[in-house]
Amino acid sequence: STKDDLQAHFSNYGTIADCIVMYDKESQRSRGFGFVTFKDASSVDDAVSASHVIDGRSVSCKRAVRDTRGSGGGGGGGRQDDSGGQYNVVKIFVGGLPASCDLDKLKSFFGQFGEIQDAVVMMDQATQRHRGFGFVTFK
């Protein structure tokens with residue numbers, strides 16, 4: 001599936017703020033998952049409660065959740081769900097980073113949206129090259 005396929009399908013549930021399909025860097029094939037961000041929380045509820053078939057395949061749809069069970073706390077910035085997971089409302093996943101994007105560039109870009117508490121560009125331990133994605137946590 002492509003980003004356009006995902007957007008076309010999930011736009012039936014509400015206005016999409018962002019959409020990304022995760023690809024394998026070497027083969028350039030879809031890794032079989034992606035992320036859709038809606039502008040309105042009620043759209044998320046509608047999408048999660050529905051059944052989905054994209055490109056003839058049944059797909060699951062879940063909220064992005066950070067598991068906090070047994071972690072002994074972990075500060076604010078989230079909303080608790082029924083299973084003990086916490087919906088993260090201050091940390092974002094950033095995918096599709098070009099090889100030229102380092103930590104300073106990531107912070108510089110996302111700093112325009114709010115004060116940054118932490119940021120990381122994920123690195124491959126074997127090659128010491130970044131893996132094309134990272135995370136930004138806002139205060």
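This is a predicted model: local features need pLDDT of at least 70, side-chain atom pairs count only at pLDDT 80 or more; totals for chains, interfaces and linings use all residues.
## Burial, pairing and contacts

Reader: Where is Thr137 found, and what does Thr137 touch?

Author: Thr137 belongs to strand S10, where a strand is a DSSP run of E with at least two residues and a helix is a run of H or I with at least four, both numbered from the N terminus. Setting aside residues up to four places away in sequence, Thr137 touches Val90, Lys91, Ile116, Gln117 and Asp118, a contact being heavy atoms within 4.5 Å.

Reader: What makes S10 largely enclosed?

Author: Seven of the nine residues of S10 are buried, so the rest of the structure largely encloses this strand.

Reader: Which strands pair with S10, and in what sense?

Author: Strand S8 (residues 91-95) pairs with S10 in the antiparallel sense over five bridges, and S9 pairs with S10, also in the antiparallel sense, over six bridges. Among the residues involved, Phe93 stands opposite Phe135 in S10, and Ile116 stands opposite Phe138 in S10.

Reader: What makes Gln128 worth a question here?

Author: Gln128 has a phi near 60°, which is a positive value in a residue other than glycine. Gln128 sits in the loop between strand S9 (116-123) and S10, and the hairpin of these two strands has six residues between them. At a relative accessible area of 52%, which is over the limit for the term, Gln128 is exposed.

Reader: Which residue takes a positive phi in the hairpin of S1 and S2?

Author: In that hairpin, which has six residues between the strands, the residue is Gln28, with a phi near 65°. Gln28 lies in the loop between S1 and S2, and at 54% relative accessibility this residue counts as exposed. S1 and S2 themselves pair in the antiparallel sense over six bridges, and Ile16 has Phe38 in S2 as its bridge partner.

Reader: Why are the buried residues of helix H1 said to line one face?

Author: In H1 (residues 3-10), Leu6, His9 and Phe10 are buried. Seen down the axis of H1, these buried residues fall within an arc of 85°, so they line one face of the helix; the arc is that of the directions from the helix axis to the C-beta atoms. An α-helix has 3.6 residues a turn, so residues three or four places apart point the same way. The cover over the buried residues of H1 includes S1, strand S2 (30-38), helix H2 (41-49) and strand S3 (52-54).

Reader: Are Val59 and Ala41 buried, exposed or partly exposed?

Author: Val59, with a relative accessible area of 31%, is partly exposed, and Ala41, with 49%, is partly exposed as well. Val59 lies in strand S4 (residues 57-59) and, leaving aside neighbours within four places in sequence, is in contact with His52 and Ile54. Val59 and Phe33 are 26 residues apart in sequence and 9.0 Å apart in space, C-alpha to C-alpha. Ala41 lies in helix H2; Ala41 and Gly14 are 27 residues apart in sequence, with 9.3 Å in space from C-alpha to C-alpha.

Reader: How many helices and strands does the chain have, and what share of the residues is buried?

Author: The chain has three helices and 10 strands, which follow the pattern α-β-β-α-β-β-β-β-β-β-α-β-β along the sequence. Of its 139 residues, 24% count as buried. Among contacts between residues at least 6 apart in sequence, 37% join residues at least 24 apart.

Key
Residues are numbered from 1 along each chain as its sequence is written. Side-chain values use heavy atoms; hydrogens and water are left out. Buried means under 20% relative accessible area, exposed over 50%, partly exposed in between (1.4 Å probe, protein chains only). Two strands pair if DSSP finds at least two bridges between them.
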